[in-house]
Amino acid sequence: MSDVVVVGAGPSAHRLVERLRHHGFVGTLTLLGSTPDGRPPSPFGARDTEDADGTGPPSPFTVRGRVAGVRRIDRVRRRVLAYAAGTETAYPYDVLVLATPARPLIPDVAGLVGVDGGPAEGVVAPGPAATVAGATGDTVVVLGDGPSAVETASALTARGTATTLVCTTPHPLHGQLGATCSAMLAEELERAGITVVGGATVVGRSAGRLRLADGTTLRADPLVVAAGTTPDTALARRARLDVHTGIVVDDRLRTSDPLIHAFGDGTEHDGHVVDNPVDTWEQAEALAEILTGRTARYLPRPRALRLRTDLVDVATIGSPAELRRPGTRLVGLNDRPRRRYARLALRDGHVVAAVLLGLPQAIATIGFLHRRGQPLPSDRLGLLLGLPPRPASDGAPADVDGPVCLCNDVRERTLLRAWRAGSRTVAALAEATRATTGCGGCGRAVAELCGVWERAS
C-alpha cells in the first residue's frame, strides 16, 4: 500500500484517478483542492470516496477528496501543508503529484485587473472553453486571438448569446494559420453569427464598455478574457523544484525531487510547456502506469491543434515555421467558394506541418499519418478532398481506414464494428470505443458516420 497525494481537483487530476483505477493501483490517494461549488473533489461519487471524516470502508484503492488550500510542500518530512476547515493540516505522502491548472492571462489594461490582481468586476477569465457559466447576459465580448478565444466565442454563440470576438491580430489564429486561412476562419465565425473585430488595440474598460484605440467602444458587460494561460508554478518554486517556464519534468514525469511528479498544464518536458488536453491525457496515462510499477515513459506526440467547435473544422499540425523552411515541398488547396483550405509542408513524402480548414476527413487522416511518421499516399488531392482512393498499382487494396478520434486513436473500422453490434448513437459509441471522450473534437464526425450507416442499412 502507498499514500499518493495529488494537489489539484480539475479534470486532469480526475483523469489520473480514472487511469490509476484502470491499472489496478493499490493504496490511498488524496485529492487536495475544491470544485467550483466548494465541495471536495470526488471523481467517482460518494460510493467510491471515503466519508468526509475519513471513516469510509477500506479498499485496495481508496480515494479521498479534501477541500484544502495548499500552502507549501515539506520535502524533508514528505508532507503537504494545507488549510482545511480553517486550520492547517499536514498530509503525509509517499509520492506527491502536482496537477495544478494554469492561470488565465489577463492583459495589463485599465479596467481589466482588479485590486486583488484577479479579474475586475464584470470580467470573466474562464478555464476550458466550455466553462462560460460566468458570462451571463444577452451580449458578451470575448477578447483573445488564440484557440481558447475562438472556442469560447463559439460556445457562447451556440448558447444563443450575441457574441463579439476582439482580436489584436488581423484575424483569429493569424499566427498559427497564416493570413489566408485565418481570414477564412473569420468568415466562418461571422457566418455563425459572431462579430469579429480584428487588428484591435484595447486601451481600457469602464462603465461596462471596452474602449479601442480607434475610438470604438463596445458594450462589454461581461467581458470574457481568453488571452491564453500562464503556468502556475508558485508552489513548485516555494518547494525549490526546478522551474523554467513550467515545472520541469523528465520522461517519467518526475520533478527535480524524484518523489514528486507533475503533469498537465504548466509542466515543461524537453523544453515544451504542456498547454492542451491531448498532451495532458497522454501524461495522465503514462503517470498512472508509472505509479502502478510499470516501466512506462512519457513520449509526447507530434504537436497538433484541432479547434473544439462545431462551427468549422480547423487544424494545424507541426510548426508553422516548417511551411517557410527552404527545401520543403509545399502542397496547397485554396477553394474559397466551398470554404476549404489546405497547406502542407512535405519532406521525403512525409508531412512535417499542415494547416487545414473545412476538410474533416483529411484532418483526421493527415494527423494520423503525421503522428505515426508514415508517408502520404500518392493521390494527395484525393486525400484532401476525401475522394475514393485509387487502386494500388500492384492490385492490393488501399488502407483507407483513417482515424476518426485522434485523442484515443479510434478508427472508422472500430466504430463501424461497434455500430453493427448495437451501439447506434454517439453516446453508445463513446461508451463502446472511447471515441469523443478526449477533446471532443470528433463528435460531429462520429455523428455523421452514424447517419451514413443508418441510411445505408
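Strands are runs of at least two residues assigned E by DSSP, and they are numbered from the N terminus. In the predicted model described here, Val142 belongs to strand 10, which covers residues 139–143. With a relative accessible area of 0%, Val142 is buried, because burial requires a value under 20%. Setting aside residues within four places in sequence, the contacts of Val142 include Ala149, Thr152, Ala153 and Leu156, as well as Thr163, Thr164, Leu165 and Val166. Val224 and Ala226 are also among the contacts of Val142. Between Val142 and Leu156 there are 9.4 Å from C-alpha to C-alpha, at a separation of 14 residues in sequence.

Leu165, a contact of Val142, is part of strand 11 (residues 162–166). Leu165 is likewise buried, its relative accessible area being 0%. Apart from residues up to four places away in sequence, Leu165 touches Val142, Gly144, Ala149 and Val150, among others. Further partners of Leu165 include Pro172, Leu189, Ile194, Thr195, Val196 and Val197. The C-alpha atoms of Leu165 and Ala226 lie 10.0 Å apart, although 61 residues separate the two in sequence.

An open sheet is built from five strands in the order 3-2-1-7-19, with parallel pairing. Strand 3 (61–67) and strand 19 (260–262) are the edge strands; each has a single partner, so one side of each has no neighbour in the sheet. On average, neighbouring strands of this sheet are turned by 20° against each other, direction ignored. Within the sheet, strand 1 (residues 3–7) and strand 7 (residues 95–98) are joined by four bridges in the parallel sense. Leu96 in strand 7 is the bridge partner of Val5.

Helix 1 (residues 11–22) lies across strands 1, 2, 3 and 7, and runs at about 170° to strand 2 (27–33). The twelve residues of helix 1 reach 16 Å from the first C-alpha to the last, close to the 16 Å expected at 1.5 Å a residue. Ser12, Ala13, Arg15, Leu16, Val17, Arg19 and Leu20 are the buried residues of this helix. Their cover includes strand 1, strand 2, strand 3 and strand 7, together with helix 6 (277–291). Gly24 follows helix 1 and has a positive phi, near 80°.

Helix 7 (residues 360–372) contains 13 residues and should span 18 Å at 1.5 Å a residue; its end C-alpha atoms are 19 Å apart, which agrees. This helix is mostly covered, with ten of its 13 residues buried. The buried residues include the run of Ala362, Ile363, Ala364, Thr365 and Ile366. Gly367, Phe368, Leu369, His370 and Arg371 are also buried in helix 7. Just after helix 7, Gly373 adopts a positive phi of about 70°.

One aromatic pair was found in a search of the whole structure. Trp419 and Trp453 form this pair, with 5.9 Å between the ring centres and 55° between the planes, a tilted arrangement. The pair links distant parts of the chain, as Trp419 is in helix 9 (residues 412–420) and Trp453 is in helix 11 (residues 443–456), 34 residues apart. Both Trp419 and Trp453 are buried.

Methods: Residues are numbered from 1 along each chain as its sequence is written. This is a predicted model: local features need pLDDT of at least 70, side-chain atom pairs count only at pLDDT 80 or more; totals for chains, interfaces and linings use all residues. Side-chain values use heavy atoms; hydrogens and water are left out. Buried means under 20% relative accessible area, exposed over 50%, partly exposed in between (1.4 Å probe, protein chains only). Contact means heavy atoms within 4.5 Å. The expected span of a helix is 1.5 Å times one less than its number of residues. Rings of Phe, Tyr and Trp (its six-membered ring) pair if their centres lie within 6.5 Å; planes under 30 degrees apart count as stacked, over 60 as edge-to-face and the rest as tilted. Two strands pair if DSSP finds at least two bridges between them. Axes are lines fitted to C-alpha atoms, for helices over the stretch in contact, and angles run from 0 to 180 degrees between N-to-C directions.
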